Amino acid sequence: GRSTEQPAGVLGRLAGGLDGVRFLAVAELAASGGTARAAGAPVDLDDLAIVQFTSGSTAAPKGVALTHRNVAHGIAAIAAGVALGPDDRGGSWLPMFHDMGLFATLSAIMTGTPMTVWSPSAFVRDPARWLREFLAAGVSVSPAPNFAYDHLVEAVGRDEAAGLDLRRWRVALNGAEPVSAASVERFLAHFAPAGFTPERMVPVYGMAEATLAVTFPPLGRPPVVIWVDRDRLAADGVVVAVGRDHPRAKGLVGVGMPVRGMQVRIAGPAGDIPAGPRWDGLGPPLRVGEIQIQGGAVTSGYLTGQPAGRPAAAAQPAGAFTADGWLRTGDLGFLRDDELFVTGRDKEMIIVRGVNYYPQDAEQAVRDLPGLYRHRVVAFAGTGRSPGAAGGPASSAVENAGGENITLVGETALENPVDRARLAEDLRTAAVAALGLNEVVVHLVGPGALPRTSSGKFQRLAAGDLVRRGEL
């Protein structure tokens, strides 16, 4: 009928440059009696199944080559990690071109779990309405990045939250970006009257190179937060426990243990793999290193091209893998009692006068200041005098003399120059007080100006490039 002929015609025109690809209408596939697959070459577990692009938060997106074996291992690990069962219903607004959205949906499909999928814009436009639809659909398992839980707190008032029933929501996966202790605590406090208990929040760690899942915490356990000395962590890479009221306290959220079939290790600065030190103070202190992974769900390389319309063999870019076959993630963290704690990204570390700083520490110190648009601010390494120091309709800046610095760029809807100047000074003052560092530059831009990845993560390094070119 017309309903199948029209799409088939459009797809046929698009297929001109695709060698060996055949498009079938659903009716045609059903009429084949299941013989369409038998007519082709058999699929080997090590054949390429999909190319999943990285988000591009710290570099240009790379095409991760995932085989059928990788996908099978990854889906099995996710299903086991959240104990998907016949009484569950999945739900997600994440785009299908994002690894978390795609493999969360595939995990539901492959286990026969009903899945409701919303457009990303449905959540972004109105998080409160989306939550009501989410609850009406009876969703019990869902994935989302950390910022989504902040949006829900902001969009749903306390009175409305108290009137909701979130008891059906069994697993709220929190991943795709660093998990904030403050965000987790705010969400749990805000939605506690609705029946959302702490063990339902499940902080996780994953990446496209691992067909998504790397570590999950045990189900039924509330989030684990440890408080460490922020300055020792950044400057020396040493984990020193402090009380949460300590002036330099930084909360780190545990993201669990390796999922089924996954191995995780921490490599030191020289590439050494230290023995697991103890947290009880009797052994050497825990030290931060690069997180490295290995397992059946981990890619063997990245796509290098598509000659004649066919994916090329995966290649291993220099430095992506260690000599003994472990994938270098570029993320920093440590293991405590076999649980992973992620501290940041190696490429995003800021060095001022030879001392390391995590951008998240500067951002956390200022994100709640009045005048910032939806807490949106990023930090990155800067040098010299930044463009736009004189201020103007789209930009305001407060800065020090030239040299290495931490640059903050915050979004604001404020238009009055006096208000903008006051906010810029407040941002700088708060960052200086928190970090004990005077080399802080502040820029203000309009709402939505900060660059983001396709999954909504802020691109700190890209923002830095735009500032240096005078384009932000």
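Two rings of Phe, Tyr or Trp, the last taken by its six-membered ring, count as a pair if their centres lie within 6.5 Å, and planes over 60 degrees apart make the pair edge-to-face. With that rule, a search of the whole structure gives 13 aromatic pairs. One of them is W118 with W130, an edge-to-face pair at 5.6 Å centre to centre and 70° between the planes. This pair links distant parts of the chain: W118 sits in the loop between strand 4 (115-117) and helix 5 (120-125), W130 sits in helix 6 (residues 127-136), and the two are twelve residues apart. Both W118 and W130 are buried.

Before going on, note that this is a predicted model.

A second pair is F187 with F196. The ring centres of F187 and F196 are 5.2 Å apart and the planes stand at 90°, so this pair is edge-to-face. F187 is buried and F196 is buried too. Which residues form the aromatic cluster? W93, W118, F123, W130, F134, F147, Y149, W169, F187, F191 and F196 form one such cluster. Both pairs I described have their residues in that list.

Next, the overall numbers. The secondary structure comes to 13 helices and 22 strands. The protein has 472 residues, and 47% of them are buried. If we take contacts between residues at least 6 apart in sequence, 70% join residues at least 24 apart.

Helix 7 (residues 146-155) packs against helix 9 (residues 181-191) at an angle of about 40°, and the axes are 9 Å apart. Is the crossing of helix 7 and helix 9 left-handed or right-handed? The crossing is left-handed. On the helix 7 side the contact is made by N146, Y149, D150, L152 and V153, and on the helix 9 side by S183, R186, F187, H190 and F191.

Side chains of opposite charge can pair when their charged atoms come close. The count for this model is 26 salt bridges. I will take three of them.

The salt bridge between D231 and R248 has an N to O distance of 3.7 Å. D231 lies in helix 10 (residues 230-236), and R248 in the loop between helix 10 and strand 11 (249-253), so the bridge ties together parts that are 17 residues apart in sequence. D231 is partly exposed at 28% relative accessibility. R248 is partly exposed as well, with a relative accessible area of 31%.

The salt bridge between E348 and R460 comes to 2.7 Å, N to O. Here too the pair links distant parts of the chain: E348 is in the loop between strand 16 (339-345) and strand 17 (350-352), R460 is in helix 13 (residues 460-468), and they are 112 residues apart. Is E348 buried or exposed? E348 is buried, and R460 is buried too.

For R353 and E439, the N to O distance in the salt bridge is 2.9 Å. R353 lies in the loop between strand 17 and strand 18 (355-357), and E439 in the loop between helix 12 (417-435) and strand 22 (440-445), so this bridge ties together parts that are 86 residues apart in sequence. The two ends sit in opposite classes. R353 has 59% relative accessibility and counts as exposed, while E439, at 18%, counts as buried. The cut-off for buried is under 20%.

Two lysines lie over rings. K62 is over the face of Y302, at 5.2 Å from the ring centre. K250 is over the face of Y358, at 4.3 Å from the ring centre.

Last, the backbone. Most residues other than glycine have a negative phi. H375 lies in strand 19 (residues 372-383) and counts as partly exposed, at 27% relative accessibility.

Notes:
Residues numbered from 1 in each chain as written. Predicted model: local features only at pLDDT ≥ 70, side-chain atom pairs only at ≥ 80, totals over all residues. Heavy atoms only, no water. Phe/Tyr/Trp six-rings, centres within 6.5 Å; stacked < 30°, edge-to-face > 60°. Helix = DSSP H or I, 4+ residues; strand = E, 2+ residues; numbered from the N terminus. Buried < 20%, exposed > 50% of the residue type's maximum accessible area, 1.4 Å probe, protein only. Lys NZ or Arg CZ within 6 Å of the ring centre and 35° of its normal. Salt bridge = Lys/Arg side-chain N within 4 Å of Asp/Glu carboxyl O. Axes fitted to C-alpha atoms, helices over the stretch in contact; angles between N-to-C directions. Left-handed = near helix turned anticlockwise from the far one by under 90°. Contact = heavy atoms within 4.5 Å.
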